[in-house]
Amino acid sequence: MATRRSSKGPAAAALPRERRAHYPIAIVGPGALGLHYAARLARVMPTALVARSTARAAQLRAGVTVGARRLRPHAYGPENLPSADWVIILVKAQDSLPAARVAARMAPKGVLSLQNGLVEELLRKRLAGIRAAQGVTTEGAYRERGRIVPAGHGETLMPRGYAPLARMLRRAGFEVRIERDLAAARLRKLLVNVSINPVAALFRVPNGRVIEAPYAHFARELTDEAAAVLAAEGLRIGATQAWERVVAVARATANNRASMLQDIVAGRRTEIDFLTGALIRLAARHRIAVPTHRAFYRLIRLLEQSKSERRAAT
Ligand code: KPL
């Protein structure tokens with residue numbers, strides 16, 4: 001597919017700065033899930049991938065294996081951004097603001113976040129004047145010895161007004177649904193994340209094991225507590241339905257390593273503040289006790305700390 005400014009395709013890495021390359025789509029965030037989306041999209045259209053630094057972009061351009069294929073992405077750092085019609089943000093929740101700044105500089109028609117947590121308000125503020133929304137994805141992918149392993153076929157939800165982006169993703173083979181009640185879908189995703197991710201990260205098990213003994217006991221308690229909080233937030237969900245939802249996602253992504261587990265193993269900061277932390281703040285607002293979430297919050301924080309202390313000591 002041709003770019004708007006060059007009929008030879010967006011070989012932008014080699015283009016002089018003044019001839020900014022243009023893409024139909026750009027992904028901000030080359031983590032496991034970002035690379036999974038980028039790899040599929042790149043098979044059917046020029047796709048830009050934006051990394052946090054020029055050095056990281058250069059590493060990515062050298063190639064990365066995603067599934068059975070070698071991807072040589074059109075990767076950019078923040079200093080040399082192309083423009084793009086549509087931007088998908090797939091960075092960690094704690095990196096939302098810099099990612100939104102980068103997205104705005106690509107002058108897009110619309111920005112869709114597919115991040116975990118509840119970040120829509122924050123993004124909308126930062127992207128004032130640009131169509132922006134937080135959708136939901138239940139796709140799964142993880143990194144293993146430098147390669148990306150897609151693990152779990154999910155759904156990508158987005159609001160009305162995103163039909164051109166939905167068509168692109170469908171062309172790339174993603175299952176996409178235009179969702180009328182995205183606020184509810186985001187709360188359902190939060191339910192899944194707060195029930196699966198901390199258990200997977202603490203016990204270092206793949207998603208499928210989280211719903212089996214002995215881990216299921218903890219996951220079920222987390223789900224029950226979360227269901228009560230989310231119902232108070234207006235989500236129409238009972239405890240049984242909530243558990244069925246968690247079980248369904250854990251089964252659909254059985255071989256996946258939850259993002260929080262990947263962060264712990266890699267010694268990175270996790271999204272615990274934006275997931276369990278967010279749920280605890282909602283619970284406090286509704287005066288609902290969530291002792292199991294509080295315990296997991298502290299345990300994950302402890303794991304993060306001991307990892308960084310070990311790093312500092314070496
Ligand atoms: O969103 C996820 C995550 O790992 O963060 C799930 C849906 C649990 C898939 O692993």
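Predicted model: local features only at pLDDT ≥ 70, side-chain atom pairs only at ≥ 80, totals over all residues.

Me: What makes β10 and β11 count as a pair?

Reply: Pairing needs at least two bridges between the strands. β10 and β11 have four, so they count as paired. Ala 141 stands opposite Pro 150 in β11. Two residues lie between the strands of this hairpin, and Arg 145 in the turn has a positive phi of about 45 degrees.

Me: Why is Thr 138 called buried?

Reply: Its relative accessible area is 19%. Buried means under 20%. Thr 138 falls under that cut-off, so the label holds.

Me: Which residues does Thr 138 touch, leaving aside neighbours within four places in sequence?

Reply: Gly 154, Glu 155, Lys 189, Arg 245 and Thr 253. With Glu 155 there is also a polar approach: a polar atom of the Thr 138 side chain lies 3.0 Å from the backbone nitrogen of Glu 155.

Me: How do you know that Gly 208 is buried?

Reply: By the same test. Its relative accessible area is 13%. That is under 20%, so Gly 208 is buried. Gly 208 belongs to helix α7 (residues 207-210).

Me: Which residues are in contact with Gly 208, beyond four places in sequence?

Reply: Ala 250, Thr 253 and Ala 254. As for Asn 255, its C-alpha is 6.3 Å from that of Gly 208, though 47 residues separate them in sequence.

Me: What makes β9 and β13 edge strands?

Reply: They belong to an open three-stranded sheet with mixed pairing, in the order β9-β12-β13. β9 and β13 (176-178) each have a single partner strand, so one side of each has no neighbour in the sheet.

Me: How do you know that β12 and β13 pair?

Reply: Three bridges join strand β12 (residues 156-158) to β13, in the parallel sense. The requirement is at least two, so they pair. Leu 157 stands opposite Arg 177 in β13. Helix α5 (residues 163-171) packs on this sheet, touching β12 and β13, and its direction makes about 160 degrees with that of β13.

Me: What is the order of the six-stranded sheet?

Reply: β5-β2-β1-β6-β7-β8, open, with parallel pairing. Its edge strands are β5 (74-76) and β8 (131-134), each pairing on one side only. The twist averages 25 degrees from one strand to the next.

Me: What makes β6 and β7 a pair?

Reply: Strand β6 (residues 83-89) and strand β7 (residues 110-113) run parallel and share four bridges. At least two are needed, so the pairing stands. Ile 89 has Ser 113 in β7 as its bridge partner.

Me: Which helix lies across β2 and β5?

Reply: Helix α2 (residues 54-61), running at about 170 degrees to β5.

Me: How do you know that the chain agrees with a compact globule?

Reply: Compare the radius of gyration with the rule. A compact globule of 314 residues would have a value near 20 Å; the chain has 19 Å, so the two agree. Buried residues make up 54% of the 314. Of the contacts with a separation of 6 or more, 62% link residues 24 or more positions apart.

Definitions and conventions. Residues numbered from 1 in each chain as written. Heavy atoms only, no water. Buried < 20%, exposed > 50% of the residue type's maximum accessible area, 1.4 Å probe, protein only. Polar contact = N/O pair within 3.5 Å; in protein donor to acceptor, adjacent residues only side chain to side chain. Contact = heavy atoms within 4.5 Å. Axes fitted to C-alpha atoms, helices over the stretch in contact; angles between N-to-C directions. Rg over C-alpha atoms; globule rule 2.2 N^0.38 Å.
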